[in-house]
Amino acid sequence: MQSEAAKRITSFNPPLRTLMGPGPSDVPQRVLDAMARPTIGHLDPAFVGMMEELKILLRYAFQTENDLTFPVSAPGSVGMETCFVNLLEPGDKAIVCVNGVFGNRMVENVKRCGATPIIIQDAWGTPVDANKVEAALKANPGVKVLAFVHAETSTGVQSDAKTLAALARQYGALSIVDAVTSLGGSPLKVDEWGLDAVYSGSQKCLSCTPGLSPVTFSARAVEAVKNRKTPCQSWFMDLNLVLGYWSAAKRTYHHTAPINALYGLHESLVLLQEEGLENSWARHQRNHEKLRDGLEKIGISFLVDEPYRLPQLNAVKIPEGVDDAATRSRLLNEYNLEIGAGLGDLAGKVWRIGLMGYASREENVSQCLAVLSAVITR
Ligand SMILES: *Cc1c(COP(=O)(O)O)cnc(C)c1O
C-alpha cells in the first residue's frame, strides 16, 4: 500500500543557499563533483590507495606525523565519542573544561564511560582559564584526561590549546581536544603543541559535506588504548578494531566505508593542500577582519574580546529592537543567506556568522553586510 502523500513525492532539489552559520559551510563544486564519481568496492586496491592518500592529507591538515590519523565514518560528535570511549575506562577521572555547548557534551561522554568528570567552568564567551586547569590538575593527581574545546562554535571563542596541552603533559594526563571548527580555519599544530587525541569534522573549515570526523592520536594515546584493562564499550568505535581497517597492510572488513563521501573529503583536502594551510588560516583571518569592520560600521559589536575571537565563527550581539528569528528567516527566505542563532543563554542575544572554509570568501562578506544592513535598517 502506498499512501497518497508518498505518491506525490519526486526527486528532492534543495534551494541554493549561502551557508554562513556554524556549519555546514559552503561546499565547492569540485568537492560535490568528486562525490559524484563512480562508487567502487571499499576493499578495491584503488580505494585502499585513496585511503592512504587521505591519511597523508589529514596529517598535513593536522600538522602531525601521527600514524593513527584517519576519518571516522560519522559526524564530529562520533569523533568526540571515539576519543572518550577509547581513552577512558570505568573509574577513571577526567578534567573537562566547559565554556559552551560542546564542553557540556564532553561531560556527558565522560559520565557515559563510567568515569568521573571534574568540571572547570568558564563563562560563555570567554576562553578556558589555564590557571584553573592547573589548580585542578594539582588537586587531582592521577587524572587520566584533560578535555577541552579549541574552537567553541557555540560562542565564537578560541582557547589556548598549546598551553592547556602542555599542562596536561606536565601532570601526566592525556589531552582530548575538540578541533571541529579550528581544523583548516585557524592555527592548529598537533605535534608541536603535543596534543594527544584530536577530533574534527568535515563540514566546517574543510569545506566538505557533513558526516565525517577526522581524528588523530599520538603514540601516547595509542599506548593508553592498547593498555586498557577493560574492552572499549563501543564495538564500532573501538580503535583496536578500526585500526585493521585503516591500515593498508592489514586491511580487513570492519564496516563499509562511506565511499563517495570519502572522495569528497579527499578532494577538499587536495584543495587545502593547493591553497596551503597557512594561506587558508590567513584567508580566514582577513575575511573575519573585513566582516568585523563592516559590522562595526552598522553598529553591530562582538560578544568576545578581540584576542579570543575565532575568525571562522563571529558571535555578534543582535542590535536592540531587532527581532532575532524574523531577521534570520528573512535572510534565508528573501536572500538565501543562512546565519546561526545563539544557543543556551545566548539564544536571542547573539547571531553566529560563520566564515568557514569555502564560505570564507570576500563576496560572502560583502553579501552578508549588504543584506544585514538592508534588513536591519528597514
Ligand atoms: C559542529 C561541532 C561538533 C559536532 O559535529 P557534528 O558533525 O555536528 O556531529 C562538535 N564540536 C564542535 C566545536 C563543533 O563545532
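Hi everyone, let's start with the inside of this protein. The largest nonpolar core has 88 residues, and Phe84, Leu87, Val133, Ile176, Phe217 and Leu269 have the most contacts inside it. Helix H3, residues 45-62, gives the largest share of this core, with 8 residues. There is also a second, separate core of 20 residues, which includes Ile318, Leu331, Trp351 and Val365.

A word on terms: a nonpolar core is a set of buried Ala, Val, Leu, Ile, Met, Phe, Trp, Tyr and Cys residues joined through side-chain atoms within 4.5 Å. Buried means under 20% relative accessible area, with a 1.4 Å probe and protein chains only. Helices (H or I, at least four residues) and strands (E, at least two) are DSSP runs numbered from the N terminus.

Please keep in mind that this is a predicted model, where local features need pLDDT of at least 70 and side-chain atom pairs pLDDT 80 or more, while totals for chains, interfaces and linings use all residues. Residues are numbered from 1 along each chain as its sequence is written, and side-chain values use heavy atoms, with hydrogens and water left out.

Back to Leu269: leaving aside residues up to four places away in sequence, Leu269 touches Leu54, Leu57, Leu58, Ala61 and Leu206. Contact here means heavy atoms within 4.5 Å.

Now the domains, whose bounds come from an automatic or database assignment. Domain 1 is 18-24 + 277-377, and domain 2 is 29-272. Their C-alpha centres lie 27 Å apart, and 24 residues of domain 1 are in contact with 29 residues of domain 2.

The largest pocket holds about 490 Å³ of space. Of its 21 lining residues, Leu16, Arg17, Leu19, Asp26 and Val27 are the closest to its centre. H14 gives the largest share of the lining, 3 residues.

Methods
On a 1 Å grid over the protein atoms alone, a cavity is a set of points where a 1.4 Å probe fits but cannot get out, and a pocket is an open set with protein on both sides within 12 Å along at least five of seven lines; lining residues have an atom within 4 Å of a point. Grid points are joined across faces, edges and corners, and a volume is the space filled by probe spheres set on the points. Buried means under 20% relative accessible area, exposed over 50%, partly exposed in between (1.4 Å probe, protein chains only).
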